[in-house]
Amino acid sequence: EMEDAEFEDILDDWFIESLKTYKDLHVYQLEHPTQVLEWTSGNSVCVAGYSQSKNEILELRLPLKLLADENKSLCAERDFKVSHGGFTDGPVRCLTHIPGTRCAVTNDGLSSDLQVWDLGGEESDVIRRTGSIKGKRSASERGSRIAARPSSAPQVLHGAQISDVQLTELASGETLYKLETDSADPLSSLQFVSDTVFLAGCCNGSVYVADTRTSAPPQLSHSPSSAESVIWWTDAAAGPHPSSRRVIRVSSSGQAVVSDLRNLGGAGCQAQLDVQTPGRCSQVKVSWAPTLDDCISVSGFSGVVQIYNTRLWGAEPQEARPLFEHRGHAVSSQQTDDSVPTFVTSHIWHPERPRTLLSAASDGSVHVWDWVDPNRQGGSPTP
Amino acid sequence: MPEIKVTPLGAGQDVGRSCILVSIGGKNIMLDCGMHMGYNDDRRFPDFSYITQNGRLTDFLDCLIISHFHLDHCGALPYMSEMVGYDGPIYMTHPTKAICPILLEDFRKITVDKKGETNFFTSQMIKDCMKKVIPLNLHQTVQVDDELEIKAYYAGHVLGAAMVHIKVGSESVVYTGDYNMTPDRHLGAAWIDKCRPDILISESTYATTIRDSKRCRERDFLKKVHESIERGGKVLIPVFALGRAQELCILLETFWERMNLKAPIYFSTGLTEKANHYYKLFITWTNQKIRKTFVQRNMFEFKHIKAFDRSYADNPGPMVIMPGYCVQGTIGHKILNGQRKLEMEGRATLDVKLQVEYMSFSAHADAKGIMQLIRMAEPRNMLLVHGEAVKMEFLKGKIEQEFSIDCYMPANGETTTVTTNPSVPVDISLNLLKREMALGGPLPDPKKPRTMHGTLIMKENSLKLVSSEQALKELGLNEHQLRFTCHVQLQDPHSDADTLHRIYTHLKSVLKGYTIQHLPDGTVIVESIVIKVSSSAEDSNTKVLLLSWSYQDEDLGSFLSSLLKKGLPSGIC
């Protein structure tokens, strides 16, 4: 156990170092930790608690100072504004915002049922439950993954395992599409790669690609590894050009595999990530950077968020060094219980600002950070 | 029903000033008397017409309490005291009393001398008003009068800031002023005991925010300073000496060597000597670390920080950092609002060529802080002022859910009435207490009240409960006894003695738990009720029962007479 003074010293060192390594840095402490970080607009995110019983869903508006471009120096506001808040009856393991609406859909990780919420508008700051969507399973170990259809009428794709995946229309509750497959593999990710085509990543590493317009069987790409106890997480890049769409799969042992969406089984590139505690992780998040080509971010193995440049990866798996590491959560968390060290529960990239991310950890901390690319350091920062 | 009334003075949604009226137990208290810095006319003062349409406020207020020296909490004090008129007691902590007049005078100078306003308070008014001030120490109960008492608690925020506990009888209110729940480099965090006030009044300006950490604000400050130095520039910090200045100096001093910087830092202030004196005086108001480090030294003796000399003004490339609030009307305020051209008195316009950074270090409680304070004080009701009700529904729900207390959010000018449930303390005489204890049975339990007999005597201001005998003795009265008798006729062929015995058996089976005795002198006694049997003169089968009971056993006596009127059950022997 660290002495208070020693802890303060290490923290101070990291902050001094951060003067050079970050352009902007904001550190917040929520009352309760969140496992979800979801954009509800260009400048607001949703977070929610995951304790056994009652929890809060909060919509937070990013600090004005971070977003200000002109007159940034004259803006002193550094705080999150809790613009809306509500209460849930159970944990929130997955939260998805329906684009173009003030609606969000959640899953509690205990069954595959979904809860539907109204995030509130100008007249009230209360987030209210407006309904629910029945899933296939009343009891589920991991709960459902949710993906919102990018455009057109509010519809959600959801399911706890690959054979359960269905597309539900929110207003009517009608099932518009069902994925036809017999496999019962549990899902670790679900996302749309176009308005109708989606990718479902299973925990065993296999990936399915299907189109909600057809009932044709999905394309299946098998897991990169046949190791039994290894869990995989997936993310697909939403590039503007179809040819730039790539998929990355990361395993609990730190293996990372990148492939082309149209040729998932083909040769891509791989790496062995430099993760501290491979194997000991449950909430790994891997994400393509929205505007930085070839960059991916990984969290969940420890209290660190890592950013890698996949362009440096080759066909054979080699040890990769991260381009940047955000160690803020690990450094600033004073652990009283050493058996459960702080780990990052989730992170997201800002959709437009190239190097801005938000990350949340198991100790309730939420950081907003704009990192400096170490390869571009040296020039004086633009005022 | 007893009630406490709270009214934040002011109109509309403005949050620029604090002035709250509380009516409790027949007393009227004003909490803070702030100036609204956004207005240039009478709207900057609180609207005292709510209290009285014209005339002085002395008769309407029992006291005025000022929480800290920020102008939005004390700026209207000389106006209220000397121009509207108030001669009653004004309470504030020692540091507040010392520092308030400095800020008020500063503000007056700018408003009157520089901006040329009239109808503003004068220097003499400030002095006269401060003469009415009674200083408070932390955690010390002060009797304002026979019934009203107040106590100050540490609030953090700025030097001398206090939260105040106000008590009349068994009703109480706590007002927080501005406070923070996390310590900073020179002040501690707010603290209060589990005083369980009827109402906890808190500002809610930051209630719906989640504050960025102190370290990040400091990091930003250090970053800008560092960048400026690296470019070869100098750093100038004009800041009120008794506010955030201390914090920043400590911060720079702590990190200067760590950041490997050697350039000098200049500290501009006209108050260094006075400030030193005040800090030494109020050292107990700073936090532990400060006290340990600065016991011997001057508060402004730093390795790397020096006083500014006007001759440095022409050096190129400086950066100005202004933490916190610049009073309206000053050049600083204009620059912070982005003005790049300044019209100087008698001179041509000046171009602002410096790089300007506005940073806020003020320590306020956010949503989490408010919840922490509620947990500490355990109020019966919560009241939030200076927030927009529509934007705080969630917080209200959160407070109501977590603590099961009501949360009120009055708009400015609106009165909230909270019904209280005050307890009335009564002394009990030792004899009575001993007698109750001697009765045995389970120990007193607040959930299971037990009836006891006594007499409540209200004499002067005290209430006491004594035994009836003692009361009669004290009052010099004779005790009278009241006994009821009634006759009940029964048809029974047995002898008088047998009938009596049958009655005894019957009662024993019906009145379980009561003391029933069959005495050899021919009576049956139930508690204190006496039953005798005699035969009617005309018919020996008609028995006449004589029942006699005292007033205290009225209920049982009535019950017995009804019971016996029904006759005896045949199976009894």
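Author: B:Arg258 is partly exposed, with a relative accessible area of 32%. This is a predicted model. The partner of B:Arg258 is A:Asp12, and the two form a salt bridge. Their closest N and O atoms are 3.7 Å apart. The pair crosses between chains. A:Asp12 sits in helix H1 (residues 4-21) of chain A. B:Arg258 sits in the loop between helix H6 (245-256) and strand E14 (265-268) of chain B. A:Asp12 has 7% relative accessibility, so A:Asp12 counts as buried.

Another salt bridge joins A:Glu56 to B:Lys398. Here the closest N and O atoms are 2.7 Å apart. This pair also crosses between chains. A:Glu56 belongs to strand E4 (residues 55-61) of chain A. B:Lys398 belongs to helix H11 (residues 393-403) of chain B. Both residues, A:Glu56 and B:Lys398, are buried.

Now a pair inside chain A. A:Asp294 and A:Arg246 form a salt bridge, with closest N and O atoms 2.8 Å apart. The pair links distant parts of the chain, 48 residues apart. A:Asp294 is in the loop between E22 and strand E23 (295-299) of chain A. A:Arg246 is in strand E19 (residues 246-251) of chain A. A:Asp294 is buried, at 13% relative accessible area. A:Arg246 is partly exposed, at 23%.

Some salt bridges share partners. They join A:Asp9, A:Asp12, A:Asp13, B:Arg215 and B:Arg258 into one network. Over all chains, the structure holds 49 salt bridges.

Next, a charged residue without such a bridge. A:Arg355 is buried yet has no salt bridge. A salt bridge needs the nitrogen within 4 Å of a carboxyl oxygen. A:Arg355 is found in the loop between strand E26 (344-349) and strand E27 (356-361) of chain A. Leaving aside neighbours within four places in sequence, A:Arg355 is in contact with several residues, including A:Trp349, A:Trp369, A:Trp371 and A:Asp373.

A:Trp369 and A:Trp371 belong to one aromatic cluster with A:Trp14, A:Phe15, A:Tyr22 and A:Phe324. A search of the whole structure finds 19 aromatic pairs over all chains. Take A:Tyr22 and A:Phe324. Their ring centres are 5.3 Å apart and their planes stand at 85°, so the pair is edge-to-face. A:Tyr22 lies in strand E1 (residues 22-29) of chain A, and A:Phe324 in strand E25 (residues 324-326) of chain A. The pair therefore ties together parts that are 302 residues apart in sequence. A:Tyr22 and A:Phe324 are buried.

Compare B:Tyr153 and B:Trp191. Their ring centres are 6.3 Å apart and their planes are at 50°, so this pair is tilted. B:Tyr153 is in strand E8 (residues 148-154) of chain B, and B:Trp191 is in the loop between E10 and E11 of chain B. They are 38 residues apart. B:Tyr153 has 2% relative accessibility and counts as buried. B:Trp191 is partly exposed, at 41%.

Back to strand E25 of chain A. An open sheet of 4 strands runs in the order E22-E23-E24-E25 (chain A), with antiparallel pairing. Strand E22 (285-288) and E25 of chain A stand at the edges. Each has a single partner strand, so one side of each is left without a neighbour in the sheet. Neighbouring strands are turned by 15° against each other on average, direction ignored. Strand E24 (residues 305-309) of chain A pairs with E25(A) over 3 bridges, in the antiparallel sense. In E25(A), A:Glu325 is the bridge partner of A:Gln306.

E27(B) and strand E28 (residues 523-526) of chain B pair over 4 bridges.

Definitions and conventions: Residues numbered from 1 in each chain as written. Chains lettered and ligands numbered in written order. Predicted model: local features only at pLDDT ≥ 70, side-chain atom pairs only at ≥ 80, totals over all residues. Heavy atoms only, no water. Helix = DSSP H or I, 4+ residues; strand = E, 2+ residues; numbered from the N terminus. Buried < 20%, exposed > 50% of the residue type's maximum accessible area, 1.4 Å probe, protein only. Lys, Arg positive; Asp, Glu negative; His and termini not counted. Salt bridge = Lys/Arg side-chain N within 4 Å of Asp/Glu carboxyl O. Contact = heavy atoms within 4.5 Å. Pairing = 2+ DSSP bridges. Phe/Tyr/Trp six-rings, centres within 6.5 Å; stacked < 30°, edge-to-face > 60°. Axes fitted to C-alpha atoms, helices over the stretch in contact; angles between N-to-C directions.
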